[in-house]
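Open the model in your viewer and keep the selection panel handy. This tour goes from stop to stop, telling you what to select and what you will find there.

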Amino acid sequence: ESTRGRLLDILAKHNEEYVSGQMLSDQLNISRPAVWKHMKELEKDGYVMEAVPRKGYRILSFPNKVSQNTIQWGLKTKWLGQHMLHKTSTPSTQMLAHNQAQNGSAHGTVIIADEQTNGRGRLHRQWYSHKGEGIWMSMILRPTMEPHLSPQLTLLAATVLAETLKRHCGVKPQIKWPNDILIHDKKVAGILTELQAEQDQVNYIVLGIGMNVNQPNTAFIGELQRKATSLHLQTNQTWDISALVQDILQTFEKRYDEYMENGFAHVKLRWEAFGYKLGEIVPIHTHQNKWYGRLMGIEEDGALYVLDENGQGHILYSAEIEWGKDYV
Ligand code: BTX
């Protein structure tokens, strides 16, 4: 743990009480001017500190902006997010995560940014990632697994987001296959999984999560106006991004460990409980064709199972399901 993290820990444990500079310097094994320097750094992160002569220091308030400190502060995980890199601005956290992974970053490393200037969705589509309004993060995972099973991790991530949003914000999210999170037929979050693998073993996975949190109505323009939504628009509340990130990381770690131990069956059930239009007939695009099928559920390998008009079953690996309020 970093010195600054330990410093915050000590101050937080003392709550409203002052902690003397001498005690901090003793406990952290650094000089008193070094303690002072860390305080100044924390203030840059948005902490409001009070320093009183002969009494010491205390925290008056925590930042509402995101930093490695605000996320790691009180983060109850064993391995996920214990290594973290936070940027105020970056082209794409996916790109950064790939670089980090190739340089040997540990399993569970999290890269997060306030803003992405070149955020990406699947098939090189753009992902709108405006400053401070959402969660733009990528995690590096190094699972012992065969590459063909990796779509299960995308589905797992989708269930984690749905589950966390429901519990944390009281909304009713749905998962559109394979990995879009919708609320009231509008996209609130997306997942992008990228894989580096050998023949029969995953080398690493970069799992990117984009979630719209505090965007106002005016944030979404053009096609996004009818396609996208934010938690703020759905709940009329402004959400603490660090707290939400912590919850996502904690829930993800728990579900990931369960999945590694017990397999996919529970993930499948949970995914299906959130499944968008499951049991319904919807327009489906595969290759150049548009046809109507009844969404039945997902397969062990993450494929979508659909019945066509003749009751014939189809297992789909790539398809677009038409969605939104305005299709028919
Ligand atoms: P996707 O290809 O399923 O969705 C991309 C489509 O979603 C776009 O074509 C556009 O129509 C719509 N869209 C773009 N931005 C938004 C937005 N903010 N909210 C709702 N809809 C939008 C989904 O791709 C996967 C997105 C992953 C994003 C994360 S953010 C952290 C990481 N870094 C990075 O560059 N990508 C990932």
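Stop 1: Select helix α1 (residues 3-13) and helix α2 (residues 21-28), whose axes come within 11 Å and cross at roughly 135°. Axes here are lines fitted to C-alpha atoms, for helices over the stretch in contact, and angles run from 0 to 180 degrees between N-to-C directions. That makes α1 oblique to α2 (under 35 degrees is roughly parallel, over 145 roughly antiparallel, 65 to 115 roughly perpendicular, and the rest oblique). The crossing of α1 and α2 is right-handed; left-handed would have the near helix turned anticlockwise from the far one by less than a right angle, and right-handed has it clockwise. Show side chains for T3, R6, L7 and I10 in α1, which meet L24, Q27 and L28 in α2. Contact means C-beta atoms, placed from the backbone, within 7 Å. Helices (H or I, at least four residues) and strands (E, at least two) are DSSP runs, numbered from the N terminus.

Before moving on, a word about what is on your screen. Residues are numbered from 1 along each chain as its sequence is written. This is a predicted model, in which local features need pLDDT of at least 70 and side-chain atom pairs count only at pLDDT 80 or more, while totals for chains, interfaces and linings use all residues.

**Stop 2: the domains.** Colour domain 1 (3-61), domain 2 (68-273) and domain 3 (281-321) separately; these bounds come from an automatic or database domain assignment. The centres of domain 2 and domain 3, taken over C-alpha atoms, are separated by 25 Å. Across their boundary, 13 residues of domain 2 are in contact with seven residues of domain 3. On the domain 2 side, α6 supplies the largest share, four residues.

**Stop 3: the largest core.** Which residues have the most contacts inside the largest nonpolar core? Select A157 and L161, then the rest of its 63 residues. A nonpolar core is a set of buried Ala, Val, Leu, Ile, Met, Phe, Trp, Tyr and Cys residues joined through C-beta atoms within 7 Å. A residue is buried with 20 or more other C-beta atoms within 10 Å of its own, exposed with 12 or fewer, and partly exposed in between, with C-beta atoms placed from the backbone. Helix α6 (residues 151-169) gives the most to this core, with ten residues. Domain 2 (68-273) and domain 3 (281-321) both contribute residues, so the core lies between them. Zoom in on A157 to see it touch I191, L207, I209 and F252, leaving out residues up to four places away in sequence.

**Stop 4: around α6.** α6 passes α10 in a left-handed crossing. Next pick T251 in helix α9 (residues 241-262). With 19 C-beta neighbours inside 10 Å, T251 counts as partly exposed. The C-alpha atoms of T251 and V160 are separated by 6.4 Å, although the two are 91 residues apart along the chain.

**Stop 5: backbone details.** Find the peptide bond from W177 to P178, which is cis, with omega near -5°. P178 is in the loop between β6 (174-176) and β7 (180-183). Finish at L123, which has a positive phi of about 50° although it is not a glycine. L123 is exposed, with 6 other C-beta atoms within 10 Å.

Definitions and conventions: Two residues are in contact if their C-beta atoms, placed from the backbone, lie within 7 Å.
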